[in-house]
Amino acid sequence: MNQAKHHNRQLDTVTTDFTVLRGHPQPFGVSSLAEGVNFAVFSRHATSLSLVLFRPGEPEPLAEFPLDAALNRTGDVWHIGLQGLTTGFEYGYRAARTGANDSPVHRFDEDCVLLDPYARAISGPSLWRCATRQAARQGQWRGLLVDNTFDWGLDRPLNHHLADSVIYEMHVRGFTRHGSSAVTRPGTFLGVVEKIPYLKELGVTAVELLPVTEFDEADNYRTNPLTGAALHNFWGYHPLSFFAPKAAYAIGMTADAPVREFKEMVKALHAAGIEVILDMVFNHTGEGNEQGRTLSFRGLDNSVYYMLEPQTGAYANYSGCGNTVNCNHPVVRDLIIDALCYWVTEMHVDGFRFDLASILGRGSDGSVLANPPLLERIAGNPILANTKLIAEAWDAAGLYQVGTFPNFGRWAEWNGKFRDDLRCFVRGDTGMVSTLATRLAGSADLYQGGGRAPYHSINFVTCHDGFTLHDLVSYRRKHNEGNGEFNADGCDHNLSANHGVEGPTHDPEITALRERQVRNFATLLILAHGVPMLLAGDEMGHSQSGNNNVWCQDNVTGWLDWHDLERNRELFAFCKDLIAFRQRHPLLRPRHFEGEVSGERQLTWHGVRYNEPDWSETSRSLGMYLQGTACGAEIYLIAHAGEQAAEFELPELSGPCRWHRFIDTALDAEQTSCTPGTEAVLADQRSYRVTGQSVVVLVGGGE
């Protein structure tokens, strides 16, 4: 082993000698070895590389260590070991290439100190930590040496079966940032901890967190034309790291606070029986297009980390965000696998939702691969064997793979067809009854075969991207003027309805219909076969005032207003009852499609007349009859989108079993549902009058 006292490049601030070791090429990033701290970073095309050290918070380097290619390079990995370092030091890399302009695909810049792609913690300026906008834009992002020790006790990923899951999609900051949240640590990981009793009461089994890895909230340069206020990157879909938690989501200001507080959140959620699923963005980074800043990947090895046009070096843009990560390059595959394994083993997360996951199936030239090696490796990785894998099975270039995503028997999918088809049925479109039946039964047209089951369909009606449920029934078109893009951003294909007035109204009939439609959506979503995903705030009537793309609205538009919970307490109780009903009845959580396991259950379809479903183009009514093997295990769901009331014949129950009403979305708000197990028996056991545009759920059982 080569070691020597190394004063390195002479800097005015150098006051400390370090013992320099040759180092090891594995593992990548920073690791503690018996002989010191090891640094390892990949760069195939750099001809020189230096490690740059900083004291915490200081703008100028403490020391810079040029690496000797003969001693500190193994293959394409540069490495060095140091003795004398303690936690809190900041670091980065300076990479250069002799003849840097010999190819348009290289973007080496030795004036840039680059962020380590494997950094577990990052320091940098933050608007959410009181930095000015100018300072935030001019600041440097650096890796941090942190102490990762944490007392997990007996905690481990919970491994709830996916079929039993109810997912709650939420934004860490937006969930508690509003003053009405009444938490002591708003907008943070620990703020989420304070709201665990609420999540428990609602009954969800998992939270799916919008991106929590480090990003630059100041990378949006627009202002709100309606208010003049600066707009921020609120959602965080521009990652600077795949490993480091967002520092501004921590209360503590020490180097280890983001990692430690994230772990505290996970441990507390697990203690409450709630899993943690992370929304991971591997399809692009925050470095942007040709005009973007060189921060990390671009300066270390641009041609490896990104898909490029080989003649010009232009960035492929399948992500719609300026660049596209070269996911199926062997080095990048390893990076993504290492990140996922880190979050599972060190951070104890339970699953991942992959943003624009279809990009993960593209080759280096952008072609769509039949058997993408990255997706296969994720599915087959032994550490990830029990981890939930959820694909957003499309990208921004028109590739839409819902139902055809390369799944290797493992991958679940956000079911965008479920969303669109339910929206069409509930708003009253004709010709949707047969499609509704397919969606309620788990979307066998998409997921049966190939080793998948109904629970591989992640069902949703709303998500962060689009209208909230309240706005879905209150607006016909988007209202994104406040985003500063002349209302050109956000999706126009909303399949929404305002029921007579655009936006807020005091008309009691319109208000009543909207509230009923919200309950209709919630009922069909939560009781359909597959895994329901709720958007945080839908259960309390949260509105974004018609904005269907609040990615830049770090304000009351994007934050949950917890006053809504008091204003819509009946809606919260309704959603809570629905989730409890789903968990009470295994019939609603099948592990197999209908008919795959003999005698497991029977599903039949009906119309207004018993055993006579109406699949015609004009039909707007459907009865779904679920039967188990014992008395009491029977559920009858009636979805009626017609405007006029209709009398539905009921199936005849055997023996002493009687029909009880669990839900009628047309009743007064306080009566729409009840605590599961306390359903009242129907006076008329032969038929039920269903109000127009409503959903009814009956359950068979003893007196």
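In this predicted model, the buried residues of helix 7 pack against both strands and helices, namely strand 4 (36-42), strand 14 (275-280) and strand 15 (351-354), together with helix 5 (257-271), helix 6 (297-305) and helix 8 (373-380). Helix 7 itself is formed by residues 330-345, and twelve of its 16 residues are buried, so that the helix is mostly covered. Among these buried residues are Val331, Val332, Leu335, Ile336 and Ile337, and the list also includes Arg333, Tyr342 and Trp343. From its first C-alpha to its last, helix 7 reaches 22 Å, which is close to the 22 Å expected at 1.5 Å a residue.

A further element is an open sheet of five strands, arranged in the order 6-5-9-11-10 with antiparallel pairing. Because strand 6 (63-66) and strand 10 (122-123) stand at the edges and each has a single partner strand, one side of each is left without a neighbour in the sheet. Within this order, strand 9 (residues 90-96) pairs with strand 11 (residues 142-144) in the antiparallel sense over two bridges, and Glu90 stands opposite Leu144 in strand 11.

Gln685 is located in the loop between strand 25 (680-681) and strand 26 (687-690). Its relative accessibility is 15%, and because buried means under 20%, Gln685 counts as buried. The side chain of Gln685 reaches the backbone nitrogen of Trp659 at 2.6 Å, while a polar atom of that side chain lies 3.0 Å from the backbone oxygen of Leu682. When residues up to four places away in sequence are not counted, Gln685 touches Leu650, Arg658 and Trp659.

Conventions: Residues are numbered from 1 along each chain as its sequence is written. This is a predicted model: local features need pLDDT of at least 70, side-chain atom pairs count only at pLDDT 80 or more; totals for chains, interfaces and linings use all residues. Side-chain values use heavy atoms; hydrogens and water are left out. Helices (H or I, at least four residues) and strands (E, at least two) are DSSP runs, numbered from the N terminus. The expected span of a helix is 1.5 Å times one less than its number of residues. Buried means under 20% relative accessible area, exposed over 50%, partly exposed in between (1.4 Å probe, protein chains only). Contact means heavy atoms within 4.5 Å. Two strands pair if DSSP finds at least two bridges between them. A polar contact is a pair of N or O atoms within 3.5 Å; within protein, one must be able to donate a hydrogen and the other to accept it, and residues adjacent in sequence count only if both atoms are side-chain atoms.
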